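Please find below my notes on this model, as numbered points.

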Amino acid sequence: MKAQWVAMFALTVAGQALAAGVAQVPNPPTQYPEGELGRMVKLGEDIIMHTNTQPLTKDLVGNKLQCTSCHLEGGRSKTIGTFMGTATAFPAYSEREKTVQTLQDRINNCFMRSMNGKRPIIDTEASIAMATYITWLSEGQPMKMNAKKPVTPYFTATWPDKDVVPLIKQATHESYVNGQKVYQQKCLACHAENGQGVGNFPPLWGQDSYNTGAGMSKLNKMASWVESNMPLGNANLTKQEAVDVTLYVDAQPRPNFNLQDHLLPRSEMGYYNSKVLEEKHTVRSNFKMFGLDVDTIRGDHLIP
Ligand code: HEC
Ligand code: HEC
């Protein structure tokens, strides 16, 4: 009884933290459009749910993740990562590419980073289907193009959570050790001992997870996402726990990101809508962004 009460209290607190400053996320539509449009919505949904096995996208995915691994319930969830309202923000300016991005650009770019694969061709059925599904989720909502960043209007003000940045900047090896404890107590049961996941529980690090160019590999973004979404179905971490477990997970090895490795040859891909054609990241550089030395955080200096 008491444990149950504690769990409910924790849920309420997490829910409130999210609600503050965030407009109410609307319910997803329930009725698919008819005809060919409906078929494309369903195809897009199938790709978002089964990205690395769907015949149209499997060859473009380089890990064991699906879009729904981070955009929960195929983007229908009301937590950070929702696709509700996403389509209304596009076209949007993106600081990363230094160009105005369409929803399709934004979707396709995830293949290079979160999926550690290749950017799809923009006129293909797969690319159009994913954009059709995500647009359908925003149907009936007012359009408001975003001049600053390509994110859903429901989280523009709160994404990523600014409160976690000072906690990240002051992190030490102790935070990492605490993060490992949080991992063992609250994550390991699903994501497994070595972070490789099992069955439908996706890998958090290693060759089969997101690379160092993904949003999730940036400490402030992962901490904010984890705070809102994990442990799955019971997001109850304090900000400090979310930061500590993020340090632990993002300090583990994962594929390095070199933008050029993820573009198809120009003759196949056509035009890549970006002014930034060189971009590289490693675990080390991602920690350095916050003034942290990953070896010190991991405690490598303590190993004789
Ligand atoms: C490893 C986790 C992860 C996976 C897998 C992933 N994404 Fe994302 N995605 C993110 C994060 C984190 C952001 C926010 C990024 C930022 O602000 O830089 C994001 C942002 C987006 C956005 C911007 C819209 C918004 O409302 O924030 C779109 C669209 C998107 N992802 C589509 C996809 C698609 C399509 C796939 C599958 C091909 C995919 N993502 C796979 C983590 C992921
Ligand atoms: C009850 C099982 C469960 C627990 C416990 C859990 N997760 Fe997850 N996690 C999942 C599932 C399942 C997904 C993918 C979402 C989906 O497919 O619906 C996921 C996705 C993720 C992702 C994005 C995808 C990826 O592989 O990178 C991250 C990051 C993550 N979890 C971190 C954590 C952290 C950190 C904890 C502990 C605080 C945690 N999870 C606890 C089940 C769990």
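1. Helix H3 (residues 103-112) gives the largest share of the shell around ligand 1, four residues. Helices here are DSSP runs of H or I with at least four residues, strands are runs of E with at least two, and both are numbered from the N terminus. By class, the shell residues of ligand 1 are 14 nonpolar, six polar and two charged. In this scheme Ala, Val, Leu, Ile, Met, Phe, Trp, Tyr, Cys and Pro are nonpolar, Asp, Glu, Lys and Arg are charged, and the others, Gly among them, are polar.

2. The model is predicted: local features need pLDDT of at least 70 and side-chain atom pairs pLDDT 80 or more, while totals for chains, interfaces and linings use all residues. Residues are numbered from 1 along each chain as its sequence is written, chains are lettered from A and ligands numbered from 1 in the order written, and side-chain values use heavy atoms, without hydrogens and water.

3. Ligand 1 has 22 residues around it, and Cys-67, Cys-70, His-71, Trp-159 and Lys-221 come nearest; near means a heavy atom within 4 Å. Donors are N, O and S atoms within 2.8 Å of the metal (3.2 Å for Na, K and Ca), and sites may look incomplete because water is not among the atoms. His-71 is placed in the loop between helix H2 (35-49) and strand E1 (92-94).

4. Polar contacts are pairs of N or O atoms within 3.5 Å. For ligand 1, a side-chain N or O atom of His-71 is 2.8 Å from a nitrogen atom of the ligand. Oxygen atoms of ligand 1 are involved with the side chain of Thr-86 at 2.8 Å and with a polar backbone atom of Thr-152 at 2.9 Å.

5. At ligand 2, the iron atom is coordinated by His-191 (NE2) and Met-230 (SD), at 2.0 to 2.4 Å. His-191 lies in helix H7 (residues 188-191) and Met-230 in the loop between helix H8 (219-229) and helix H9 (239-250), so the pair ties together parts 39 residues apart in sequence.

6. Which residues come nearest to ligand 2? Of 21 around it, they are Cys-187, Cys-190, His-191, Pro-203 and Met-230. The shell of ligand 2 holds 16 nonpolar, four polar and one charged. A backbone N or O atom of Pro-203 is 2.6 Å from an oxygen atom of ligand 2.

7. Two cis peptide bonds deserve a check. One joins Trp-159 and Pro-160, with omega about -15 degrees, and Pro-160 is in the loop between helix H4 (125-137) and helix H5 (164-169). The other runs from Met-230 to Pro-231, with omega near -5 degrees; Pro-231 lies in the loop between H8 and H9.

8. Glu-73 has a positive phi, near 55 degrees, and is not a glycine. Most residues other than glycine have a negative phi, and most peptide bonds are trans.

How values were computed:
Polar contact = N/O pair within 3.5 Å; in protein donor to acceptor, adjacent residues only side chain to side chain.
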